[in-house]
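Visitor: I have not looked at this structure before. Could you take me through it?
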Amino acid sequence: MLTEKGNKLHPVAFRDHHNFSAKDMAYIARIFDNIASDRKAILTTEKDAMRLRSLNDERLKNLPVYYIEIEVELLDGAQQFEKEIVDYVRANQIDSQPLG
């Protein structure tokens, strides 16, 4: 969809569960700065956006970062899944106190 509107994409790939470093941020910022457009943004997954945000990198604070929200929808067996989760948590509680 983005390319259909004439946008150019500059993919930068990292492995899943990548722990971003200051060096990675410098690399991302350098690529971003070298894109010759006033209309540019960084698009990532919600999970990676949270990892990037946790770096508290000044470069990131000044860049337009957008992310795709993660949404999970169980099509079948949602009640059974919820029951299994609750049962597991109850069976594996360790000195926990109820919230509230």
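This is a predicted model: local features need pLDDT of at least 70, side-chain atom pairs count only at pLDDT 80 or more; totals for chains, interfaces and linings use all residues.

Visitor: How many helices and strands does the chain have?
Guide: The secondary structure comes to four helices and two strands. Along the sequence, these elements follow the pattern α-β-α-α-β-α.

Visitor: And how much of the chain is buried?
Guide: The chain has 100 residues, and buried residues make up 15% of them.

Visitor: How far is Met 25 from Asp 57 in space?
Guide: The C-alpha atoms of Met 25 and Asp 57 are 7.6 Å apart, although the two residues are separated by 32 residues in sequence.

Visitor: Let us turn to pockets. What is the volume of the largest pocket?
Guide: Its volume is about 1,000 Å³.

Visitor: Which residues lie nearest its centre?
Guide: The largest pocket is lined by 29 residues, and those nearest its centre are Leu 9, His 10, Ala 41, Ile 42 and Leu 43. The lining divides into 20 nonpolar, four polar and five charged residues.

Visitor: Which helices and strands supply at least two residues of that lining?
Guide: These are α1 (22-33), β1 (42-45), α2 (46-54) and β2 (65-68). The largest share, four residues, comes from α1.

Visitor: Now the outside. Which residues make the nonpolar surface patch of about 730 Å²?
Guide: That patch is made by Ile 70, Val 72, Leu 74, Phe 81, Ile 85, Tyr 88 and Val 89.

Visitor: Is Tyr 88 buried or exposed?
Guide: Tyr 88 counts as exposed, because its relative accessibility is 55% and the cut-off for exposed is over 50%. Tyr 88 lies in helix α4, which covers residues 78-91.

Visitor: One last topic, the backbone. What is phi of His 17?
Guide: Phi of His 17 is near 65°, a positive value in a residue other than glycine. Most residues other than glycine have a negative phi. His 17 is in the segment before α1, and at 53% relative accessibility it counts as exposed.

Visitor: What about Asn 56, then? Where does Asn 56 lie?
Guide: Asn 56 lies in the loop between α2 and α3 (58-61). Phi of Asn 56 is near 50°, also a positive value, and Asn 56 counts as exposed at 57% relative accessibility.

Terms used. Residues are numbered from 1 along each chain as its sequence is written. Side-chain values use heavy atoms; hydrogens and water are left out. Patches are made of residues with over 30% relative accessible area and no salt bridge: like charges are joined within 9 Å, nonpolar side chains (Val, Leu, Ile, Met, Phe, Trp, Tyr) within 5 Å. Accessible areas come from the Shrake-Rupley method with a 1.4 Å probe; for residues, only the protein chains shown count as cover. A salt bridge is a side-chain nitrogen of Lys or Arg within 4 Å of a carboxyl oxygen of Asp or Glu. Buried means under 20% relative accessible area, exposed over 50%, partly exposed in between (1.4 Å probe, protein chains only). On a 1 Å grid over the protein atoms alone, a cavity is a set of points where a 1.4 Å probe fits but cannot get out, and a pocket is an open set with protein on both sides within 12 Å along at least five of seven lines; lining residues have an atom within 4 Å of a point. Grid points are joined across faces, edges and corners, and a volume is the space filled by probe spheres set on the points. Ala, Val, Leu, Ile, Met, Phe, Trp, Tyr, Cys and Pro count as nonpolar, Asp, Glu, Lys and Arg as charged, and the others, Gly among them, as polar.
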